[in-house]
Amino acid sequence: MLLTLAGPAAQALEAVPRWLVLHPHWVWLTVALPLAGFLINGKLAIAASGPVPLLPPKLAQRITEMVRRYQHGIVTVVGTGVLLAAFVVSLMLFLGFQFLDTQSAYVLRLWSWIPVGRFQVDMALQVDQLSLVMLLVVTGVGSLIHLFSVGYMREDPGYARYFAYLNLFIAFMLVLVLGSSFLVMFIGWEGVGLCSYLLIGFWFEDKANSDAGKKAFLVNRIGDVGFMIAMFMIWTTVGSLDFSTVLRELPAAVPVGGALITAITMFLFLGATGKSAQIPLYVWLPDAMAGPTPVSALIHAATMVTAGVYLVARTGVLFAMAPISSTIVAGVGVVTALFAASMALRQYDIKKVLAYSTISQLGYMFLGVGTGAFAAGIFHLITHAFFKALLFLGAGSVIHAMHHAYHEVHSSEDAQDMRNMGGLRKAMPWTTVLMWIAALAIAGMPLSGFFSKDEILAYAFGRGHDNPVFYLYYVLGIVTALMTAFYMARLMAMTFHGKSRTGADAEPYLHEAPWIMTGPLVVLGILTVFGGMINLPTWAGGHHWLQSWLLPITATAEMYLRPELPHGTTEYVLIGLALTAALVGLVAGYRLTVGQTIVPARDAPEERGFWKVLYHKYYVDELYDAVIVRPLILFSQRFLWKGVDTRVVDGVFVNGSAGISRFLGQIGSRFQTGQLGFYVLLFVLGALWILRAMVGGG
Amino acid sequence: MTDFLSSLGYAQWIIPVLLLVPVAGILPILLAPAAQAKRIALVVSTVVFVVSLGLWWAFDATSGNFQFAATLPWMPFWGIYYRVGIDGISLFMVLLSTAMMPLAVLGSWHYITKAERGYYALLLAMTSGMVGVFVALDLFLFYFFWELILIPMYFIIGVWGGPNRLYATIKFFLYTMFGSLLMLVAILLMVWQTAHTTGIVSFDYAFLLEHAGELGSAAPWYFAAFALAFAIKVPMVPFHTWLPDAHTEAPTAGSVLLAAVLLKMGTYGFLRFAVPLFPDVAMSPPVTALFISLAVIGIIHGALVAMVQPDVKRLVAYSSVSHMGFAMLGIWAATVQSVQGALMVMIGHGLATGALFFLVGMLYERRHSRMFADFGGLARVIPLFSLMLTITALASIGLPGLSGFVGEFLVLLGSFENHPWATGIATTGVVFAAAYMLWAVQRIIYNPLVQPENKALAGHDLNLREVLVVLPLIFGMIWLGLYPKPVLRRMEAAATRFVEFSIPRAVTVQTADGSETEGAK
């Protein structure tokens, strides 16, 4: 669909050929494409596993044979094709949005979804500055990870099922970011949770994997209860769930800093802590690493887990109106960042390190949006999507190589344990270089991650002027940065440097991944290096493009909360501090790890002292299990079921006491001899008499 | 379509046809060879379903009144008439009943091997009874159909049920009989008392509704009798323990009909009779508090006990207790959103739980077990079954975009304003629902495939007949989840009417000592 040029943007964009732009009302395509991919791949997954029951057997058999032969190719083309197409559409929508004469949100109403009296919710998608940015990240990074998966999952028997789930995930993720109301967003919100569940438990025959999937879904649902209660409160207050109406009318309807707005935002944040793995609901994310590694990269690092940050940014004005809530959001964020980083210090599973690192980085994002620096939070969300996807895919290449090598020599060693790696740089030069780029970015060297993290910390420092607790947040943030640099350097050193611990027989089989896997890594590497440019600060020669682009979204929030960036000397001191922390962490992490003798996992001694506590993740899982899960199951089984239902209700009221039992037995026997009618008659008459007496003559 | 139907005079004959055709179908079943019984039952129930579909178009969504109404004398001397009609509340209950029946027949195809004629005859009798309950507008007629259903269900469980069927049937019979006989007594006394004051003996619903405000101090007792009968049927905690036993012992189709239709007779009874007839009692603060508490307790209790069941069918039965708690909460919150939500919960639960029982039955036919301990890893050997189980389970736990969500969400949304704490607690039910259902799914289709009996299932995935049983239900779940508007639109007027009725009326009531007092406004 072509557009007429209008507005002041026209001149600047005249150079863009018109066939390159799309009107926002084509946004449904971005959801429809992956959804179609899901249906096709899903059909193939089912067809491949057995006969098609709805067709005559002969035809069904021929189809099955054909599908088996070409399935792999079809799945690859469809699975990745729809994503690339959705990415292209997203780009064209992005360009098209510049051509609109107004830059306000465009809402595409598809159909009326749940209309009941005053309650009206449309199935509608919203295109605005924030959703466009998310759209590009999800389809862009998503495409790269789909491509990587072609290589990574090539030999898996569930190839079609894998791509079906992955496509479905993208469709739900886009509904999440494009939904124009809380409720449509909630479809995506729970939908991505479902896909996460299915993909974590993808190799479901291992009980640990399906346990992990279930845990993820359940913990997320605890958060969803918060999301739902927040929706009830919002609707009761303003009678709508549409973002545009709510964000316009709620500020006028409730007092700033009042109990209601604080409650609404806290319940929303409870939802966010579930999806984005923050304290106290972070426990599902480390277990989620049971899924295939590209899934960890896509869902559990780059996209889904950032949904909570997106939610807070989307409803930024509400959080800005509730200073208590925003302070708690920032606090929970930074404490989670620190807590998770400390656990990452002593993990040996390469994916677990990255998982805790993700929780930690998400904490930074919450520190950002809680501080009121919404653009900075989104900025970190984007750069994190680049470098964390790169780290996970890099780890995927490593695991791929390790797995193959161990497979060749029929070894059952752990392919993910860094104690079994070491010296991989010789076999995997590309991966080594690319992962170092990502590691430097996350550690806080002046690549993309540095700018976004630095901005969050600077804003937090700035807000300390009004609320001194933010100075503490800043300090915790810097300490976390130090730890981040340390555990990343440790990860790199253990994996790629030092002596090989893979085992002499397996070592020759280590190799670089095929180009279909390394290619996306290279692209992500470029994005990791240059991604910071989208919001380059003034001192580095930029002009905060992302921040001004998101201004239509964040402007209302800034009326209530506007943290200032420090200027002049303070600014440079803060930058210097951040860089120092990063450098110290990197050097210390690398030197200490390389200098140490690392024993392969098989022979590794038991952890001791505080290291043991860290290795066991502060025993939080065990604590939850002992305090919540087990008591609840025991309570349900012993008290509610065997106690209340069986002993009290059935026992006392139905047939427990000897008299009633006998009575029941008698009725039972009469019943079979056809005397029941008599009892029923007696019963009716008796009841009639009693009720008559009660009523007392009416 | 509407014009075509009115040219056929559809509105005049549809209800008699729905009541009589199933019963008429019994005769050929009894005459034909036993092997043909299921075919005849399938044809008859399919015809009834197809004919009933016309209601969808012939129903006027803008009207909150009873449509397709008719009155014929039955026992006019006693004021008993054949009075029927359909409004937005009963419309979907009727459609749910007629839709489930062909599926129930198809689902029993190979499961029922003894006394087939009797079995299918009873199923058809039940069809008439179910439709009758939902269309009757005469309290005697209603009671007649209400009891009529009990008998086929009793035999279906008692004759074709599992090993522990005798205990289950007696429990089922005593529980429901206990409640419904009290209801009969209340009906009779109410009519008698109204006749006393007005001089007219009538079981007419509209007439009694008009004069229900004059019952005075007896109203709470009448309400209690009605409420007990309906609460047992729903079932509400603490009257729910008959359900797990009845469900577990019933043959597949029995469980399906029990869950999909029979339980709804309870909530329907509240919506049609107990609340509108006695709003001053039902909506008084203590009674509201009692029912909302029981509803919320039911939601949580049902879900928690479901979680620890070792038997798949018992789990689904307890999940029904939990789901019906949502419906009760919606009814007692009495806002347009919550009441329509309650109706959507009833429909959604009918689809999802019906499908769950079908699927469990299909599994039972293959493995002759319903114990979680006997399953595991089935997704590897019977993927189509696993897919359908997953979709159904997700619809059941209220995943947005599937049928369960719309009802649950509307109930909670509509209840929150007046009952925030109860709603808050009820909302946590979604976590427990996910807990029991996902754990159940995991223990059936995921985890290692170790047992040889399970490995032997390879190649024995759902066949065409089974797919045809479950697929329509799955289609319904997706449709109602994504585009419930046509359904919501048709029930809105009736739900609004219910909400208006449930506001206690300003009437002059006679107290027991004869003095006049002003009732609650």
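In chain A, strand β1 (residues 106-116) and strand β2 (residues 119-127) run antiparallel and are joined by nine bridges; strands are DSSP runs of E of at least two residues and helices runs of H or I of at least four, numbered from the N terminus, and two strands count as paired if DSSP finds at least two bridges between them. The model is predicted, with pLDDT of at least 70 required for local features and 80 or more for side-chain atom pairs, while totals for chains, interfaces and linings use all residues. Residues are numbered from 1 along each chain as its sequence is written, and chains are lettered from A and ligands numbered from 1 in the order in which they are written. Two residues separate the strands, and A:Gly117 adopts a positive phi near 55°.

Between the chains, 58 residues of chain A contact 66 residues of chain B, a contact being two C-beta atoms, placed from the backbone, within 7 Å. The greatest contribution to the chain A side comes from α7(A), with 14 residues. By class, this side comprises 36 nonpolar, 13 polar and nine charged residues (nonpolar: Ala, Val, Leu, Ile, Met, Phe, Trp, Tyr, Cys and Pro; charged: Asp, Glu, Lys and Arg; polar: the others, Gly among them).

The largest nonpolar core contains 455 residues. Such a core is a set of buried Ala, Val, Leu, Ile, Met, Phe, Trp, Tyr and Cys residues joined through C-beta atoms within 7 Å, where buried denotes 20 or more other C-beta atoms within 10 Å of the residue's own. Residues with the most contacts inside the core include A:Ala389 and B:Tyr222. Beyond its neighbours within four places in sequence, B:Tyr222 contacts B:Ala186, B:Met190, B:Leu215 and B:Phe278.

Notes
Buried ≥ 20, exposed ≤ 12 C-beta atoms within 10 Å, placed from the backbone.
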